[in-house]
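Please look over the model shown here before reading on.

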Amino acid sequence: MRNEAFRKEYEENQPELDIIRAIVEARASQHLTQKQLAERTGINQADISKLENGTRNPTINLLKRLADGMDMTLKIEFIPKKRL
């Protein structure tokens, strides 16, 4: 993180990376394959794969469907930025 350009890029992409990580961790915690999650949600397995590898951005409705398919509640937060 000493490289300023890298740090800035990382921070700009952090929300997307957090969403990807949350989807993958939630699915893994349920011991579900992408195919099983697709069957539960009606979302195409290829689309779940795209979400998890970061080539597709999810809508709120899609995140809700994923949460429902994993018997979870979707929670989105706004957190104050740290001030220097």
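**Briefing on the predicted model**

Asp 71 has its place in the segment after α4, where helices (H or I, at least four residues) and strands (E, at least two) are DSSP runs numbered from the N terminus. This is a predicted model, in which local features need pLDDT of at least 70 and side-chain atom pairs count only at pLDDT 80 or more, while totals for chains, interfaces and linings use all residues. Residues are numbered from 1 along each chain as its sequence is written, and side-chain values use heavy atoms, with hydrogens and water left out.

**Positive phi values**

- The phi of Asp 71 is near 55°, a positive value in a residue other than glycine, and Asp 71 is exposed because its relative accessible area is 73%, given that buried means under 20% relative accessible area, exposed over 50% and partly exposed in between (1.4 Å probe, protein chains only).
- His 31, which is not a glycine either, has a positive phi of about 55°; His 31 lies in the loop between α1 and α2 and, with a relative accessible area of 69%, is exposed.

**The largest pocket**

- The largest pocket holds about 1,200 Å³ of space, a volume being the space filled by probe spheres set on grid points that are joined across faces, edges and corners.
- On a 1 Å grid over the protein atoms alone, a pocket is an open set of points with protein on both sides within 12 Å along at least five of seven lines, whereas a cavity is a set of points where a 1.4 Å probe fits but cannot get out; lining residues have an atom within 4 Å of a point.
- Of the 30 residues that line the largest pocket, Gln 14, Pro 15, Asp 18, Ile 19 and Glu 77 lie nearest its centre.
- The elements that give two or more residues to this lining are α1 (4-29) and α4 (60-69), and α1 provides the largest share, 11 residues.
- By residue type, the lining of the largest pocket divides into 18 nonpolar, 4 polar and 8 charged residues, where Ala, Val, Leu, Ile, Met, Phe, Trp, Tyr, Cys and Pro count as nonpolar, Asp, Glu, Lys and Arg as charged, and the others, Gly among them, as polar.

**Packing of α2 and α3**

- Helix α2 (residues 34-41) packs with helix α3 (residues 45-53) at an angle of about 120°, and their axes are 8 Å apart; axes are lines fitted to C-alpha atoms, for helices over the stretch in contact, and angles run from 0 to 180 degrees between N-to-C directions.
- On the α2 side Gln 34, Lys 35, Leu 37, Ala 38 and Thr 41 meet Gln 45, Ile 48, Ser 49 and Glu 52 of α3, contact meaning heavy atoms within 4.5 Å.
- The residues of this contact between α2 and α3 divide into 3 nonpolar, 4 polar and 2 charged.

**Charged residues and separations**

- Glu 9 is found in helix α1 and is partly exposed, because its relative accessible area is 45%; Glu 9 and Asp 68 are 59 residues apart in sequence and 32 Å apart in space, C-alpha to C-alpha.
- Lys 75, in the segment after α4, counts as exposed at 64% relative accessibility, and its C-alpha atom is separated by 9.8 Å from that of Leu 63, 12 residues apart along the chain.
- Arg 2 lies in the segment before α1 and is exposed, with a relative accessible area of 86%; the C-alpha atoms of Arg 2 and Leu 63, 61 residues apart along the chain, are separated by 34 Å.
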